[in-house]
Amino acid sequence: MRIIFMGTPDFSVPVLDALVEAGHEIAAVYCQPPRPAGRGKKDRPTPVHARAGALGLEVRHPVSLKSAEAQAEFAALQAEVAVVVAYGLILPQAILDAPARGCLNIHASLLPRWRGAAPIHRAIMAGDAETGVCIMQMEAGLDTGPVLLREATPIGMSETTAQLHDRLSALGAAAVVQALAQLDGLHPQAQPEDGVTYAHKIDKAEAALDWSRDAVEVDRQIRGLSPFPGAWFERDAVRIKVLGSRLAEGQGDAGVVLDDALRVACGSGAVQLTRLQKAGRGAQDASEFLRGNALPAGTQL
């Protein structure tokens, strides 16, 4: 099948690889333009751009798809379908209508739950027992289109956004290949009006840890915000991110370290901190972190 692929971040790369491996013809790859990054602030291509280049595929990165010229160039590719995953631009109706069989979006939630920008983070932070991916026919609304295929997966008790991100990327890659192979036999299912929630973009203000909250909520916050932006606390005016945790037994004053292995009391219950990162340093497992940063039992975080 002749396909236009539209994606930008790491999450999208396995999908592009899966489409190529399945034998589909990639007419062109659309992604966000290179942007300044690193210490030198030199333009860096996005992960999809870099992978498409390595595969020898044509890459396009318009800053907008609103112009008649951009839309004509897109239509001239004469694609049967466009596969869209975390592209980063709103698609005008002319773009949605251009492929003969429309645009398919891979969304990392079980729609209509968690429409929007941050479905993986929000699912973990809300304590959802499961999530998944949906292959959706795109329309003008925000993640409102009918669903062609859905695949569910449980969320692990200690799973972080980074870990779930990678699992859902692989799940979405397999699902879209399956959907394309069965496209003639799939029947779009309209999303129900009940159960709609929105996964609003993560605000960095959500990352400060409040140890007075219940341990379950603290643990979800830590795992849901790992690796970015990273839940954090301050010690001696230095910010320390917590990138991994699990629920633990214990009680005490909120924010007090209960043992020499970073078990911390919350408003109710306790959490075991398993991975941390000091400002300006790399991430470390708790045992390694403690060798260079003393946080003995009784320390108030």
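Reply: Let us begin with a helix: α6 has 21 residues and reaches 30 Å from its first C-alpha to its last, close to the 30 Å expected at 1.5 Å a residue, where the expected span is 1.5 Å times one less than the number of residues. Helices (H or I, at least four residues) and strands (E, at least two) are DSSP runs, numbered from the N terminus. This is a predicted model, in which local features need pLDDT of at least 70 and side-chain atom pairs count only at pLDDT 80 or more, while totals for chains, interfaces and linings use all residues. Residues are numbered from 1 along each chain as its sequence is written, and side-chain values use heavy atoms, with hydrogens and water left out.

Me: Which residues of α6 are buried?

Reply: An α-helix has 3.6 residues a turn, so residues three or four places apart point the same way. In α6 the buried residues (under 20% relative accessible area, with a 1.4 Å probe and protein chains only) include Leu164, Leu168, Gly172, Ala175, Val176 and Ala179. Of the 301 residues of the chain, 47% count as buried.

Me: How do β12 and β13 pair?

Reply: Strands pair if DSSP finds at least two bridges between them, and here β12 (residues 231–235) and β13 (residues 238–248) are antiparallel over five bridges. Ala231 has Val242 in β13 as its bridge partner. The two strands form a hairpin with two residues between them, and Asp236 in the turn has a positive phi of about 55°.

Me: How many helices and strands does the chain have?

Reply: The secondary structure comes to eight helices and 16 strands.

Technical notes. Buried means under 20% relative accessible area, exposed over 50%, partly exposed in between (1.4 Å probe, protein chains only).
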